Amino acid sequence: MFSVNSSAQSYAQQLQRLSTDEGLSQGHVTSTLQDKLGFIWIGTMQGLNRFDGYEVKIFSGEYTLDQLSIILLFETSNGDIFVSTEYSGAFLIDPVTLKVSKVYSGKLNAEDKHFSPIFAIAEHQQLFYYAINQHVYAFDPQKNTYTHEFSISKDDNFVRAITVHNDFLYIATTDGLYSKSLIDEHITKIPLVAKDKLNLDNNNIKFLTVDSQLGLLVGTVEGFYSIAFNNNELLDFNNVKTLLAEHNIWDYVNTPYGEFIVTEDGLYEYHRHTDHNEFLFRFDQSKFNMTDNTILDVMVDKTGLMWLASRSQGVFTWSTLARRFGNIQITSNDKLHSNVIFAVYQDNHNVWLGTDNGLAKMRQDGTTEKTYLVSNDTKAFYGQFAVYGIASAHLNEPDRYLWLLLYDGLALFDKKTEQKIALPMQGNTQAIIDSGPAYGYHQITTDTFAFFSENDYFLYDGNSGQTNVIKGLKEQLDPVNVHTFLKPLPNKPDDYLISVSGALYRYNESSQKLTLIYKVENYNPINYVTIDDWVIDYNNTLWLASSQEGLIGLDANSYEVKHRINLSNGIKTKTIVALQIDQFGFLWISSKNGLYRLDLSSMQLNAYTVKDGLTVNEFNIDSHTLLNDGRLAFGSTRGVLTLAPQDFLSVPNDRDSTVTEITDISLLSRSLNYHPLQYANQPLQLTDEDMGLEVSFSNFDFQNVDRTRYKVSLTGPSKLSYEKLNNNKVFFTKLPAGDYQLTIAAYNLNDSGLGDEKTLNFNVAYAPWRSPLAISLYLLLTFLVLFVIFWQYRSRQRIIKHTHDEILQSQQQTELALNSSKSGVWEVDIGAHWIKQQRLKHELGYQTLPQKFNFDDFCALIHPDDKRKILHDWHIFITQKNAQQWQVTYRLQHANGNWLWYHDIGKVIETNEQGYPTRLAGIYTNITEQRATAHQAAVLGEAFSQINDWLLILDSQLIPFSVNNSFAEAFSMQKNQQSLS
């Protein structure tokens with residue numbers, strides 16, 4: 001015999017934790033609060049914390065709140081945060097400026113030895129009501145005055161909660177519930193339960209709130225109650241209702257996502273339309289090894305994420321949207337059972353689950369009725385007793401039999417006898433089955449299954465028991481590479497659909513035509529890539545679930561690839577295992593890492609993981625079905641996931657109200673002491689020495705942190721841009737000087753819209769020597785220097801030009817003088833053995849000879865009578881050190897054969913290291929006419945001297961110049977006096 005346990009849906013597996021491991025100051029959390037900006041404030045028994053969705057920061061302020069024992073957090077009407085501590089009084093924090101002011105010293109009287117903390121607070125008409133010990137005081141913040149309102153007579157009791165409604169102050173104490181009229185100050189003790197049922201626990205009131213429909217909600221150590229208001233908005237003591245009995249009520253919230261009650265035994269949801277409570281989970285059902293199930297405080301943020309305070313492991317978060325997902329799990333005390341679900345099938349009465357250890361029959365409410373084919377062999381290899389597929393059998397009696405796909409092949413299960421029975425077999429069926437293992441079973445039509453062996457392909461008919469070979473397929477497709485048969489396409493019902501490694505085919509046996517539907521992109525035979533499921537949507541797109549390529553969308557007629565949905569689109573795995581389309585046209589995708597919903601009109605992909613309500617992220621191949629009530633079911637490694645598609649159409653969500661804010665700005669070089677909105681209206685000023693700028697931001701979508709991406713751009717002298725930043729920080733080591741604007745906008749991978757932009761303007765100052773003024777001065781100074789240089793250059797150029805002109809003039813005069821005296825210049829390079837001169841062409845008539853002429857060739861032009869002596873003197877001259885001047889008179893042959901006399905004068909202009917001349921330069925003079933004139937004068941003089949007559953020669957001034965011999969002898973003149981002066 002076996003017993004059956006019904007188990008309610010537990011959501012504890014979706015709990016996420018924020019503890020000291022994540023930076024929380026201490027594990028005993030007393031209160032949580034979300035401020036007007038979006039930050040989560042967490043009070044613990046040792047310190048106050050602030051969380052932006054990415055990082056916990058311990059908050060100190062001016063009063064070392066990081067070290068104080070926090071017992072209460074409360075948001076005032078203007079958005080300030082009231083913080084009550086156990087031993088240090090109470091404080092007000094401005095969440096924008098982070099300024100802290102102390103509003104209560106912690107003692108009613110300065111002389112008191114003991115501290116008296118504020119255990120509860122209420123705000124009404126600009127007054128604060130404080131519950132301090134057994135008293136209630138009204139505090140006027142404008143006048144800074146306290147007014148006593150209430151005291152309980154017994155000193156060992158104290159006030160635990162207060163609230164104000166309709167000019168009545170309601171007071172919860174450890175000794176019952178009281179009300180005080182704020183008009184006439186009349187105090188009334190309110191009966192909550194009958195006197196015969198009154199005890200210490202249900203008389204210990206610890207929670208109060210007012211509900212417009214239910215009235216005053218009262219939480220006690222034993223039970224949660226409502227007291228209705230009458231038509232006059234007064235409490236109707238005769239209309240008291242128990243909402244949740246027996247439990248110790250710690251807190252309650254009424255949100256767009258539901259009404260939740262936290263107790264010593266976990267979390268409950270109250271459904272007011274049916275007036276019943278639903279247990280959701282306890283801490284000890286989670287993965288965190290908790291034993292204390294007390295939840296001290298509950299808060300639901302703007303995105304629907306619930307924050308639950310624990311006594312030891314910090315604060316836990318849970319998505320209220322997790323209730324959209326259901327989970328069916330098998331429970332059986334007397335047998336081994338498994339919740340690894342390979343197949344899901346529903347008949348008219350039950351849901352049948354194929355697991356890795358047998359078959360399970362489930363009731364419509366999700367509880368286990370019975371398990372079958374279960375093995376108690378703990379040493380069996382994995383899958384030996386698994387049920388991989390379930391299908392209805394329409395044999396002799398409708399709805400009596402089930403087809404099961406087991407490890408060793410196809411089987412038939414009789415639901416009436418609850419036994420596996422023999423397969424109908426006729427003809428060669430037994431021989432084919434006995435011939436070897438068969439693979440790839442899949443139902444083709446009712447009671448017919450296609451499969452293959454290593455040798456051929458077959459079709460089994462369950463009605464007749466016959467097995468026939470699928471003709472012509474083996475010749476075109478080797479069974480070695482085949483993965484499995486799939487259900488036929490609706491537009492080709494007569495064609496077999498065959499998944500092979502690397503491709504998908506359909507085969508028509510009548511025409512024996514094999515058609516390729518899809519081929520894996522960049523297929524590598526080493527990788528076993530298969531198609532495991534398919535579905536056709538309302539747009540006639542054939543969607544394929546690939547084991548390695550994600551989701552592929554083909555045109556259902558042409559098989560052209562239209563879509564590829566993979567890692568780049570937000571799917572966190574390459575392996576898609578099952579596909580279903582719901583009645584609203586959304587495509588649901590189960591995978592090895594999460595569940596996804598694809599909007600086929602916008603191609604927007606929504607991802608769901610354990611955080612969102614899944615029991616596990618891993619699903620099994622082709623394990624899914626549409627349940628009779630319209631829910632979708634997917635087999636996973638931990639039971640069956642169920643969901644109603646309509647629950648995902650419209651979800652209360654305040655995500656639009658979340659605004660991206662800059663949560664922190666820091667520098668490595670100095671402290672900025674940033675607070676929110678500090679630079680909303682003014683730019684951040686950075687010096688030239690500042691470095692290591694880090695800007696943190698958040699959109700406070702705590703429920704979707706993993707799906708949040710940021711578009712970040714920086715404009716200015718240095719630019720950058722991030723389109724899909726999954727981190728909430730940007731860091732700049734060192735930026736060039738100038739004005740910058742950092743723009744940040746958040747978006748969710750499940751949404752197509754981009755959130756509002758948040759901008760930070762900042763300026764990086766120039767170094768003094770690099771500032772615009774300094775650069776202007778540099779430019780001016782450079783201009784002046786360049787101007788002076790240019791002016792000096794112009795002056796030098798003028799001087800040079802003047803000098804050049806003088807040199808040119810002198811050269812011209814020299815050339816004129818040389819030309820007039822038939823002179824010119826020459827230059828000799830002794831080492832290169834050349835002579836440079838102009839007389840060869842201009843005076844000697846050698847028009848074809850260059851100015852630079854071989855020295856030996858030049859010597860060949862010298863008169864033979866002069867040549868020997870000249871060369872001898874030349875050799876002596878060039879072999880002497882410190883040679884002074886070269887001077888020679890000689891004849892050169894003209895091109896017409898005549899001889900011209902020249903007189904050359906030159907000097908050494910360059911010597912070698914030993915002091916011997918290497919280059920000479922000088923002047924030549926054509927003295928041919930002078931030589932001729934001198935010769936003629938000599939002839940005439942000889943003639944004059946032989947004349948016997950007196951000869952007296954006068955100059956142009958008629959002064960005697962010379963006389964001949966006859967004249968000299970006549971006047972007794974000596975020879976040296978013949979020339980007169």
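How many residues lie between β65 and β66 in their hairpin? There are four residues between these strands. His833 sits in the turn, and its phi is positive, at about 65°.

**Confidence**

This is a predicted model. The protein has an average pLDDT of 89. A score of at least 70 is reached by 94% of the residues. Over residues 1-8, however, the pLDDT is below 50. In the model, that stretch has 14 contacts beyond near neighbours in sequence.

**Strands β65 to β67**

Strand β66 pairs with β65 and with β67. The table sets out both pairings.

| Strand pair | Residues | Sense | Bridges |
|---|---|---|---|
| β65 and β66 | 823-829 and 834-837 | antiparallel | four bridges |
| β66 and β67 | 834-837 and 852-854 | antiparallel | three bridges |

Individual residues can be picked out in these pairings. Asp829 has Trp834 of β66 as its bridge partner. Lys836 stands opposite Lys852, a residue of β67.

Now look at helix α3, which covers residues 772-820. Phe787 has its place in this helix.

Technical notes
Residues are numbered from 1 along each chain as its sequence is written. This is a predicted model: local features need pLDDT of at least 70, side-chain atom pairs count only at pLDDT 80 or more; totals for chains, interfaces and linings use all residues. Side-chain values use heavy atoms; hydrogens and water are left out. Helices (H or I, at least four residues) and strands (E, at least two) are DSSP runs, numbered from the N terminus. pLDDT is the predictor's confidence in each residue, from 0 to 100. Contact means heavy atoms within 4.5 Å. Two strands pair if DSSP finds at least two bridges between them.
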